[in-house]
Amino acid sequence: MAYQSFRLTKILDLVLENGSIQVEDIETLLGVSPATARRDLDKLASQQMITRVRGGAVANPLSGDLPLRYRPVNQGRIKQRLAKAAAKMVKPGDVIGLNGGTTTTEVSRELALRVAKDSAFQRQGITVVTNAINIANELALRPQIKVIVVGGTLRPCSYEVVGNMSGLVLDNLAMSRVFLAVVSIDVNRGLFNDDLLEAETNADFLRSAQRVTVVADSSKFSALGTARICDFAPIDEILTDSVEAHCLEALESYGIEVLTV
(Lines give C-alpha, C1' and ligand atoms only; values in the text may rest on other atoms or scores of the structure.)
Protein backbone atom coordinates (compact mmCIF):
# COMPACT_ATOMS: atom_id res chain seq x y z
CA MET A 1 0.00 0.00 0.00
CA ALA A 2 2.82 2.40 0.81
CA TYR A 3 4.33 1.83 -2.62
CA GLN A 4 0.97 2.46 -4.27
CA SER A 5 0.73 5.78 -2.43
CA PHE A 6 4.19 6.67 -3.74
CA ARG A 7 3.13 5.77 -7.30
CA LEU A 8 -0.09 7.78 -7.13
CA THR A 9 1.73 10.85 -5.83
CA LYS A 10 4.40 10.52 -8.51
CA ILE A 11 1.78 10.17 -11.24
CA LEU A 12 0.03 13.31 -9.97
CA ASP A 13 3.30 15.21 -10.03
CA LEU A 14 3.94 14.16 -13.63
CA VAL A 15 0.42 15.00 -14.79
CA LEU A 16 0.63 18.47 -13.23
CA GLU A 17 4.07 19.13 -14.70
CA ASN A 18 3.34 17.85 -18.21
CA GLY A 19 -0.44 18.19 -18.53
CA SER A 20 -0.90 14.52 -19.43
CA ILE A 21 0.60 11.07 -19.08
CA GLN A 22 0.46 7.80 -21.03
CA VAL A 23 0.24 4.29 -19.64
CA GLU A 24 3.56 3.55 -21.35
CA ASP A 25 5.19 6.46 -19.48
CA ILE A 26 4.10 5.02 -16.15
CA GLU A 27 5.39 1.59 -17.10
CA THR A 28 8.81 3.01 -17.97
CA LEU A 29 9.19 5.50 -15.13
CA LEU A 30 7.78 3.40 -12.28
CA GLY A 31 8.60 -0.10 -13.51
CA VAL A 32 5.05 -1.47 -13.30
CA SER A 33 2.87 -3.53 -15.61
CA PRO A 34 0.31 -1.95 -17.98
CA ALA A 35 -2.49 -3.36 -15.81
CA THR A 36 -1.06 -1.75 -12.67
CA ALA A 37 -0.57 1.56 -14.48
CA ARG A 38 -4.20 1.53 -15.65
CA ARG A 39 -5.46 0.68 -12.17
CA ASP A 40 -3.48 3.57 -10.69
CA LEU A 41 -4.94 5.96 -13.26
CA ASP A 42 -8.45 4.63 -12.62
CA LYS A 43 -8.02 5.16 -8.88
CA LEU A 44 -6.91 8.78 -9.34
CA ALA A 45 -9.72 9.39 -11.83
CA SER A 46 -12.30 7.96 -9.41
CA GLN A 47 -11.19 10.60 -6.90
CA GLN A 48 -11.49 13.32 -9.58
CA MET A 49 -7.78 14.07 -9.43
CA ILE A 50 -7.18 13.40 -13.12
CA THR A 51 -9.32 12.81 -16.21
CA ARG A 52 -8.91 9.47 -17.99
CA VAL A 53 -8.44 9.48 -21.75
CA ARG A 54 -7.63 6.70 -24.20
CA GLY A 55 -4.19 5.33 -23.37
CA GLY A 56 -3.57 7.56 -20.34
CA ALA A 57 -4.85 10.63 -18.51
CA VAL A 58 -4.83 14.43 -18.54
CA ALA A 59 -4.90 17.00 -15.77
CA ASN A 60 -8.24 17.71 -14.19
CA PRO A 61 -9.07 21.44 -14.65
CA LEU A 62 -9.43 21.70 -10.87
CA SER A 63 -6.24 19.79 -10.06
CA GLY A 64 -3.78 22.68 -9.73
CA ASP A 65 -3.45 22.22 -5.97
CA LEU A 66 -3.93 18.45 -5.87
CA PRO A 67 -0.56 17.19 -4.65
CA LEU A 68 -0.68 19.04 -1.34
CA ARG A 69 -4.36 18.24 -0.87
CA TYR A 70 -3.82 14.59 -1.68
CA ARG A 71 -0.60 13.68 0.11
CA PRO A 72 -1.65 14.56 3.68
CA VAL A 73 -4.04 11.59 3.72
CA ASN A 74 -0.97 9.36 3.68
CA GLN A 75 0.41 9.13 7.25
CA GLY A 76 -1.69 12.21 8.10
CA ARG A 77 -2.09 11.67 11.83
CA ILE A 78 1.56 10.75 12.20
CA LYS A 79 2.62 13.90 10.34
CA GLN A 80 0.50 16.00 12.70
CA ARG A 81 2.12 14.38 15.72
CA LEU A 82 5.58 14.99 14.33
CA ALA A 83 4.67 18.58 13.48
CA LYS A 84 3.54 19.28 17.04
CA ALA A 85 6.79 17.89 18.39
CA ALA A 86 8.78 20.03 15.95
CA ALA A 87 6.87 23.18 16.87
CA LYS A 88 7.72 22.62 20.54
CA MET A 89 11.43 22.91 19.67
CA VAL A 90 11.01 26.54 18.57
CA LYS A 91 11.80 29.40 20.96
CA PRO A 92 10.94 33.12 20.83
CA GLY A 93 13.41 34.95 18.62
CA ASP A 94 14.30 31.90 16.52
CA VAL A 95 14.83 32.12 12.78
CA ILE A 96 13.33 28.93 11.36
CA GLY A 97 13.81 27.46 7.88
CA LEU A 98 11.10 25.34 6.25
CA ASN A 99 11.47 23.73 2.85
CA GLY A 100 8.38 22.62 0.94
CA GLY A 101 6.43 19.43 1.61
CA THR A 102 3.36 18.13 3.35
CA THR A 103 5.27 17.48 6.57
CA THR A 104 6.74 20.97 6.78
CA THR A 105 3.33 22.40 5.87
CA GLU A 106 2.00 20.68 8.98
CA VAL A 107 4.93 22.09 10.96
CA SER A 108 4.02 25.61 9.78
CA ARG A 109 0.44 25.13 10.94
CA GLU A 110 1.52 23.92 14.36
CA LEU A 111 3.97 26.84 14.60
CA ALA A 112 1.15 29.25 13.85
CA LEU A 113 -0.98 27.73 16.61
CA ARG A 114 1.87 27.74 19.11
CA VAL A 115 2.89 31.36 18.67
CA ALA A 116 -0.75 32.43 18.86
CA LYS A 117 -1.32 30.64 22.18
CA ASP A 118 2.03 31.07 23.99
CA SER A 119 2.38 34.50 25.62
CA ALA A 120 6.18 34.32 25.30
CA PHE A 121 5.82 34.78 21.54
CA GLN A 122 3.67 37.86 22.06
CA ARG A 123 6.72 39.61 23.50
CA GLN A 124 9.16 38.26 20.91
CA GLY A 125 8.08 36.57 17.72
CA ILE A 126 9.92 34.37 15.26
CA THR A 127 11.06 34.57 11.65
CA VAL A 128 10.28 31.84 9.14
CA VAL A 129 12.35 31.47 5.97
CA THR A 130 10.74 29.30 3.30
CA ASN A 131 10.80 28.53 -0.39
CA ALA A 132 7.22 27.21 -0.31
CA ILE A 133 4.52 29.72 -1.21
CA ASN A 134 1.78 27.66 0.45
CA ILE A 135 3.68 27.81 3.75
CA ALA A 136 4.20 31.56 3.36
CA ASN A 137 0.47 31.86 2.78
CA GLU A 138 -0.30 29.86 5.95
CA LEU A 139 1.82 32.23 8.04
CA ALA A 140 1.40 35.58 6.29
CA LEU A 141 -1.28 37.02 8.59
CA ARG A 142 0.32 35.93 11.87
CA PRO A 143 1.60 39.11 13.55
CA GLN A 144 4.12 37.17 15.66
CA ILE A 145 5.74 35.61 12.58
CA LYS A 146 7.91 37.46 10.09
CA VAL A 147 8.00 35.55 6.80
CA ILE A 148 10.90 35.63 4.34
CA VAL A 149 10.27 33.96 0.97
CA VAL A 150 13.31 33.14 -1.12
CA GLY A 151 13.13 33.99 -4.83
CA GLY A 152 13.38 31.80 -7.89
CA THR A 153 11.22 29.73 -10.22
CA LEU A 154 7.99 28.20 -8.93
CA ARG A 155 7.32 24.48 -9.36
CA PRO A 156 3.49 24.19 -9.48
CA CYS A 157 3.34 20.56 -8.37
CA SER A 158 5.04 21.27 -5.03
CA TYR A 159 4.57 25.05 -4.56
CA GLU A 160 8.34 25.31 -4.05
CA VAL A 161 10.50 28.12 -5.41
CA VAL A 162 13.82 26.79 -6.70
CA GLY A 163 16.87 27.86 -8.68
CA ASN A 164 20.03 29.93 -8.36
CA MET A 165 18.23 32.96 -6.96
CA SER A 166 17.03 30.91 -3.99
CA GLY A 167 20.60 29.90 -3.24
CA LEU A 168 21.82 33.49 -3.41
CA VAL A 169 19.21 34.59 -0.87
CA LEU A 170 19.83 31.65 1.47
CA ASP A 171 23.60 32.18 1.38
CA ASN A 172 23.01 35.61 2.91
CA LEU A 173 20.76 34.43 5.73
CA ALA A 174 21.43 32.72 9.07
CA MET A 175 18.84 30.41 10.62
CA SER A 176 18.62 28.97 14.13
CA ARG A 177 17.13 25.73 12.86
CA VAL A 178 15.93 24.23 9.60
CA PHE A 179 13.11 21.68 9.60
CA LEU A 180 13.69 19.57 6.51
CA ALA A 181 11.08 17.41 4.78
CA VAL A 182 12.36 14.64 2.50
CA VAL A 183 11.01 12.00 0.13
CA SER A 184 13.32 9.27 1.41
CA ILE A 185 16.08 8.45 3.87
CA ASP A 186 18.76 6.02 2.68
CA VAL A 187 20.91 5.16 5.69
CA ASN A 188 23.84 4.38 3.40
CA ARG A 189 23.67 7.39 1.07
CA GLY A 190 21.73 10.23 2.73
CA LEU A 191 18.56 12.23 2.12
CA PHE A 192 16.62 12.35 -1.15
CA ASN A 193 13.69 14.04 -2.84
CA ASP A 194 12.25 13.74 -6.35
CA ASP A 195 13.62 16.81 -8.14
CA LEU A 196 17.20 17.95 -8.75
CA LEU A 197 16.45 21.68 -8.43
CA GLU A 198 14.51 21.14 -5.21
CA ALA A 199 17.39 19.05 -3.87
CA GLU A 200 19.84 21.88 -4.61
CA THR A 201 17.64 24.45 -2.87
CA ASN A 202 17.15 22.14 0.12
CA ALA A 203 20.94 21.79 0.39
CA ASP A 204 21.21 25.60 0.34
CA PHE A 205 18.94 25.73 3.40
CA LEU A 206 21.25 23.39 5.30
CA ARG A 207 24.35 25.50 4.72
CA SER A 208 22.68 28.47 6.38
CA ALA A 209 21.43 26.66 9.49
CA GLN A 210 22.93 26.34 12.95
CA ARG A 211 20.91 23.15 13.49
CA VAL A 212 19.12 20.83 11.05
CA THR A 213 16.18 18.64 12.04
CA VAL A 214 14.78 16.19 9.52
CA VAL A 215 11.06 15.62 10.12
CA ALA A 216 10.02 12.35 8.48
CA ASP A 217 7.57 9.57 9.20
CA SER A 218 8.82 6.00 9.19
CA SER A 219 7.67 5.34 5.61
CA LYS A 220 10.55 7.53 4.39
CA PHE A 221 13.04 4.82 5.38
CA SER A 222 11.59 2.48 2.73
CA ALA A 223 10.61 5.07 0.12
CA LEU A 224 12.61 5.80 -3.03
CA GLY A 225 13.80 9.29 -3.93
CA THR A 226 15.68 10.17 -7.10
CA ALA A 227 17.68 13.33 -6.27
CA ARG A 228 20.12 13.42 -3.35
CA ILE A 229 19.95 16.44 -1.08
CA CYS A 230 22.99 15.60 1.06
CA ASP A 231 24.75 12.93 3.06
CA PHE A 232 24.28 12.88 6.83
CA ALA A 233 27.08 15.29 7.74
CA PRO A 234 24.86 18.43 8.00
CA ILE A 235 22.09 16.65 9.95
CA ASP A 236 21.82 17.02 13.72
CA GLU A 237 18.67 15.04 14.44
CA ILE A 238 15.83 13.11 12.83
CA LEU A 239 12.33 13.39 14.24
CA THR A 240 10.23 10.35 13.34
CA ASP A 241 7.51 8.04 14.63
CA SER A 242 9.54 4.83 14.53
CA VAL A 243 12.77 3.45 13.13
CA GLU A 244 14.07 -0.09 12.69
CA ALA A 245 17.05 -1.15 14.77
CA HIS A 246 19.52 -1.40 11.88
CA CYS A 247 18.57 2.08 10.65
CA LEU A 248 18.89 3.51 14.14
CA GLU A 249 22.34 1.98 14.55
CA ALA A 250 23.50 3.42 11.24
CA LEU A 251 22.16 6.91 11.98
CA GLU A 252 23.67 7.00 15.45
CA SER A 253 27.02 5.99 13.96
CA TYR A 254 26.89 9.26 11.99
CA GLY A 255 26.37 11.19 15.23
CA ILE A 256 22.69 11.87 14.52
CA GLU A 257 20.21 11.98 17.38
CA VAL A 258 17.01 10.10 16.50
CA LEU A 259 13.90 11.34 18.30
CA THR A 260 10.71 9.26 18.18
CA VAL A 261 7.25 10.56 19.07
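These are my notebook entries on what I looked up in this predicted model.

**Ground rules**

I number residues from 1 along each chain as its sequence is written. Since I'm working with a predicted model, local features need pLDDT of at least 70 and side-chain atom pairs count only at pLDDT 80 or more, while totals for chains, interfaces and linings use all residues; side-chain values use heavy atoms, with hydrogens and water left out.

**Entry 1: the whole chain**

I started with the overall make-up. The protein chain has 11 helices and 15 strands. Both are DSSP runs numbered from the N terminus: helices are H or I with at least four residues, strands are E with at least two.

Next I looked up the dimensions. Along the principal axes, the C-alpha atoms fill a box of roughly 60 × 45 × 35 Å. For 261 residues a compact globule would have a radius of gyration near 18 Å, and the chain agrees because its own value is 18 Å. (That radius is taken over C-alpha atoms, and the globule rule is 2.2 Å times the number of residues to the power 0.38.)

How much of the chain is buried? Buried residues make up 52% of the 261. My cut-offs: buried is under 20% relative accessible area, exposed is over 50%, partly exposed is in between, using a 1.4 Å probe and protein chains only.

I also checked contacts, meaning heavy atoms within 4.5 Å. Of the contacts with a separation of 6 or more, 67% are between residues 24 or more positions apart.

**Entry 2: the annotated stretch**

I looked at the UniProt record, an unreviewed entry, and it annotates residues 4-59 as "domain: HTH deoR-type". UniProt positions are given in the numbering used here, feature names are shortened, and annotations may be inferred rather than shown by experiment. In the model, residues 4-59 are 64% helix and 20% strand.

I walked from strand to strand here. Two strands pair if DSSP finds at least two bridges between them.

- Strand E4 (residues 95-98) runs parallel to E9, and three bridges join them. Glycine 97 has valine 178 in E9 as its bridge partner.
- Strand E9 (residues 177-180) also pairs with E12 in the parallel sense, over three bridges. Phenylalanine 179 stands opposite threonine 213 in E12.
- E12 is joined in parallel to strand E14 (residues 237-240), by three bridges. There, threonine 213 stands opposite glutamate 237.

Then I asked which way the side chains of E9 point. Arg177 and Phe179 point one way, Val178 and Leu180 the other way, and all are buried. On strand E12 (residues 212-215), Val212 and Val214 point one way and Thr213 and Val215 the other, and again all are buried.

**Entry 3: two asparagines**

Asparagine 134 is in helix H8 (residues 133-139). It counts as buried because its relative accessible area is 15%. Its side chain makes a polar contact of 3.0 Å with the side chain of threonine 105. (A polar contact is a pair of N or O atoms within 3.5 Å; within protein, one must be able to donate a hydrogen and the other to accept it, and residues adjacent in sequence count only if both atoms are side-chain atoms.)

Asparagine 202 sits in helix H10 (residues 196-207). Its relative accessible area is 1%, so asparagine 202 is buried. Leaving aside neighbours within four places in sequence, asparagine 202 is in contact with Asn99, Glu160, Leu180, Asn193 and Ile229.

**Entry 4: two loop residues**

Is isoleucine 235 buried or exposed? It's buried, at 4% relative accessible area, and it lies in the loop between strand E13 (227-230) and E14. Not counting residues up to four places away in sequence, isoleucine 235 touches Leu191, Leu206, Val212, Val214, Cys230 and Ile256. Leucine 191 is 44 residues away along the chain, yet the two C-alpha atoms are separated by 9.7 Å.

Glutamate 244 is in the loop between E14 and helix H11 (245-253). This one counts as exposed because its relative accessibility is 53%. Its C-alpha atom is 21 Å from that of alanine 233, 11 residues apart along the chain.

Cysteine 230 is buried at 10% relative accessibility, and cysteine 247 is buried at 7%.
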